[in-house]
Each structure stands twice: as C-alpha cells, then as structure tokens.
Amino acid sequence: MNGLLGDGCDVVLISMPFSGDNQLNSIPGVNRKPGGASYLHAHNEVGRLETISWTPIFYFIEPVFRAINHASSLRDYDVVAMAGKSGGGWSTTVAAAFDPRIAHSYAIAGTMPMYLRRITTSDLGDWEQS
C-alpha cells in the first residue's frame, strides 16, 4: 500500500464484512445475542438472511462499488485496479466481474472454481464462495 501511495496512486482499503470494524452486530437487523432480530453465531451463517429478493452478497460487493463511485466523484481516473487476499481475493474476482470500471483485478488466493475445490480439497469455502 505504501508503495502505491508513493507512486501517486489513490488507495482505498475495505475490510471484509464481519471482521474488524464490520462486526456482525454492526449490521442493521442482525444481532449476535439470542432473541435478536436474526441470531447469527458466525459470518458463515449470513446465508440465513437471504430472501427471494435479496442476497447477503451485498455486504461483500456493495462497499467496493460505493468506494469506486465516491472516488470517481472526486476526480477522473484512467485506471481502476483492485487486489485482495483470501476472502478479499474472492471479493476482487466477483466485483471485477460485475463492474467494468475495474480494469485490473488481482486475487491473491480466495478464488477457485468449485470443481477444482472438490478435486484438491475438502474445504469448499465459506457461504459466499459457494
């Protein structure tokens, strides 16, 4: 990050949902305590919030689109690139697939087709990956 900033690039850092400042209990309508609106023990249970008209994938991808929209409102960019590691790598792959403004995407782990996961490991990833 410091190298990119030193080269004159603007950088936006986004934490994965349900980690750091994005804890489960910070999401409207979600409560980690019994008796709350929706009781979730861990981020992998976020699929329980899914309905016929809404998906919790929103929490993983929407912040990326909002960050690009905000940055683009402040200045024009020749290139938008995105990188992520592990779960951020997964978010990088998905966000770049949906948003053509992301010209370069660099997933550092976190993204593997399901058929390869089944061949190489018993770990099929978290809810959002499957």
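**Rings, core and a buried threonine**

Ring pairs link W54, F58 and Y59 into a cluster; rings of Phe, Tyr and Trp (its six-membered ring) pair if their centres lie within 6.5 Å, with planes under 30 degrees apart counted as stacked, over 60 as edge-to-face and the rest as tilted. This is a predicted model, in which local features need pLDDT of at least 70 and side-chain atom pairs count only at pLDDT 80 or more, while totals for chains, interfaces and linings use all residues. Residues are numbered from 1 along each chain as its sequence is written, and side-chain values use heavy atoms, with hydrogens and water left out.

Student: How are the rings of F58 and Y59 arranged: stacked, tilted or edge-to-face?

Tutor: The structure holds 4 aromatic pairs. In the pair of F58 and Y59, the ring centres are 5.8 Å apart. Their planes stand at 75°, so the arrangement is edge-to-face.

Student: Which helices hold F60 and W90?

Tutor: The rings of F60 and W90 have centres 5.7 Å apart and planes at 85°, so this pair is edge-to-face. It links distant parts of the chain, 30 residues apart. Helices (H or I, at least four residues) and strands (E, at least two) are DSSP runs, numbered from the N terminus. F60 is in helix α2 and W90 in helix α3.

Student: Is F60 buried or exposed?

Tutor: Buried means under 20% relative accessible area, exposed over 50%, and partly exposed in between (1.4 Å probe, protein chains only). The relative accessible area of F60 is 3%, so F60 is buried.

Student: Which backbone atom lies 2.7 Å from a polar atom of the T92 side chain?

Tutor: T92 is in helix α3 and, at 1% relative accessibility, counts as buried. A polar atom of the T92 side chain lies 3.2 Å from the backbone nitrogen of G84. At 2.7 Å from a polar atom of that side chain is the backbone oxygen of G88.

Conventions
A polar contact is a pair of N or O atoms within 3.5 Å; within protein, one must be able to donate a hydrogen and the other to accept it, and residues adjacent in sequence count only if both atoms are side-chain atoms.
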